[in-house]
Amino acid sequence: MADATNPIKQFEIHPIADFSIGGWNLSFTNSSFFMVTSVVLVAGLLSLAMSKRALVPGRSQSVAELLYEFVAGMIRSTAGDAGLKFFPFVFTLFAFILMGNMLGMFPYFPAPGFHGFTFTSHIIVTFALALVVMAIVIGYGVFKHGLKFFSLFFPSGVPWPLYILLTPIEIISFLSRPVTLGVRLFANMLAGHILLKVFAGFIIMLGSVGALGVLGAVAPLIMVVALTALEFLVAFLQAYVFAVLTCIYLSDALHPGH
Amino acid sequence: MAHRDEPNQNPSDPHDFERRLNAKLEARRAKEAASNPSGWGQGVRYGTEFAGGVLVGAGLGYLTDQFFNWSPWGLLVGVLMGFAAGTLNVVRAAQSMNQSDDASS
């Protein structure tokens, strides 16, 4: 009974295939299963949709093209046309996170253990994705602009003694980017799924009380239906926000110094 | 929309079409960039920007304390710097949102 209404239980990680190298636990878990499923689904659906390569797209092909145009437009409006060289990266990131968020909306899923899981609700996953973004920003910025990339930390038009104060602030501000990027996605997914589970738990608790309880359980049921719709919106919106901020940070690597 | 029905003065010029198409696309892009995210999303963005600055500042301050034995000065200065960095983050986030607002008007 306690397990059925425990709102945290959905985030538990279970190993599917135990595996370890030199004492490091590298088991294939349900989190890994959903990541692999997400990658396979995105790659499979997109190649299926584009298999005809029709000049006049059919239904599935126009969805794939819509997705392409959406991400391309997003990069163009935030990082300019020069940002389009990062299109494969941003598109992969966006599709992966979006598919992961959407897979998390299944309460039951044909996975080992038979219940759904949202891998974006674990901060280590989102933080690792954010760190990959920052590694690309720093790597590309240094590769393209050399030491001039670090002019990011020296805002122009300031008398030089102020750099003693401003440069540490700029560095902290820069270092806080992967934190905010990772935490925002993680916090939204975690909070949303806990909220869903808490209200769903109310239905079970009230339903076990008696006839009056069943009547009262209608209120949380309506709430859960409304929250599910909201969660679908959040799942899309957070994938979008993550991709947009990635583009904004990448534009810093393309044109540092403003 | 009235000029859509007008006959093209110079139909043989392909650049004219290109130019008009680009102008339309440009206007559409500006409009799309301005479409506001929800209020909840904006609030969470400001909140995490600020909190991230403070947390990273405090973390760096704590680490300098550990390495150089400057306790408590590293943490003190780090937190203050973190607050400044968080405010800077919020100002930048607000600026970027206002810019996309101005592009439409």
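**Confidence**

I looked up the confidence element by element in chain A of this predicted model. Helix α1 of chain A, residues 2-5, has the lowest mean pLDDT among the elements of the chain, at 68. The highest mean, 95, belongs to helix α4 of chain A, residues 87-103. For chain A as a whole I noted a mean pLDDT of 89. In that chain, 98% of the residues reach 70 or more.

**Layout of chain A**

I then listed the secondary structure of chain A and found eight helices and four strands. Read from the N terminus, the order is α-β-β-β-β-α-α-α-α-α-α-α. The C-alpha atoms of chain A fill a box of roughly 75 × 55 × 45 Å along the principal axes. Chain A has 258 residues, and 29% of them are buried. I also took the contacts in chain A with a separation of 6 or more, and 63% of these are between residues 24 or more positions apart.

**Helices α6 and α8 of chain A**

How do the axes of α6(A) and α8(A) cross? I found that they come within 10 Å and cross at roughly 170°. An angle over 145 degrees counts as roughly antiparallel, so α6(A) is roughly antiparallel to α8(A). I sorted the residues of this contact by class and got 19 nonpolar, four polar and three charged.

**The largest nonpolar core**

I went on to the largest nonpolar core, which has 51 residues. Which of its residues touch the most other members? They are A:Val90, A:Phe94, A:Phe242 and A:Ala243. The core takes at least two residues from each of α3, α4, α5 (123-145), α6 and α8 of chain A. Helices α2 (39-68) and α3 (73-102) of chain B each supply at least two residues as well. The element that gives the most to this core is α8(A), with 11 residues. As background, I noted that nonpolar side chains tend to be buried together in soluble globular proteins.

I picked A:Val90 and listed its contacts, leaving aside neighbours within four places in sequence. The list is A:Val71, A:Ile75, A:Ala243, A:Thr246 and A:Cys247. One of these, A:Ala243, is also among the core residues that touch the most other members.

**Where chain A touches chain B**

I looked up the contact between the chains and found 17 residues of chain A in contact with 20 residues of chain B. On the side of chain A, α3 (59-79), α6 (163-207) and α8 (218-254) each supply at least two residues. Helix α6(A) gives the most to this side, with 11 residues. By class, the side of chain A that touches chain B has nine nonpolar, six polar and two charged residues.

**Backbone entries in two loops**

In chain A I checked the loop between α2 (30-49) and α3, where A:Arg53 lies. The phi of A:Arg53 is near 50°, a positive value in a residue other than glycine. Is A:Arg53 buried or exposed? It counts as exposed, because it has 7 C-beta neighbours inside 10 Å.

In chain B I checked the loop between α2 and α3, where B:Asn69 lies. B:Asn69 is not a glycine, yet its phi is positive, at about 60°. B:Asn69 has 8 C-beta neighbours inside 10 Å, so it counts as exposed. B:Pro72 also lies in the loop between α2 and α3 of chain B. A cis peptide bond joins B:Ser71 to B:Pro72, with omega about 0°.

Terms used
Residues numbered from 1 in each chain as written. Chains lettered and ligands numbered in written order. Predicted model: local features only at pLDDT ≥ 70, side-chain atom pairs only at ≥ 80, totals over all residues. Contact = placed C-beta atoms within 7 Å. Nonpolar A, V, L, I, M, F, W, Y, C, P; charged D, E, K, R; others polar. pLDDT = per-residue confidence, 0-100. Axes fitted to C-alpha atoms, helices over the stretch in contact; angles between N-to-C directions. Parallel < 35°, antiparallel > 145°, perpendicular 65-115°, else oblique. Core = buried A, V, L, I, M, F, W, Y, C linked by C-beta atoms within 7 Å. Buried ≥ 20, exposed ≤ 12 C-beta atoms within 10 Å, placed from the backbone.
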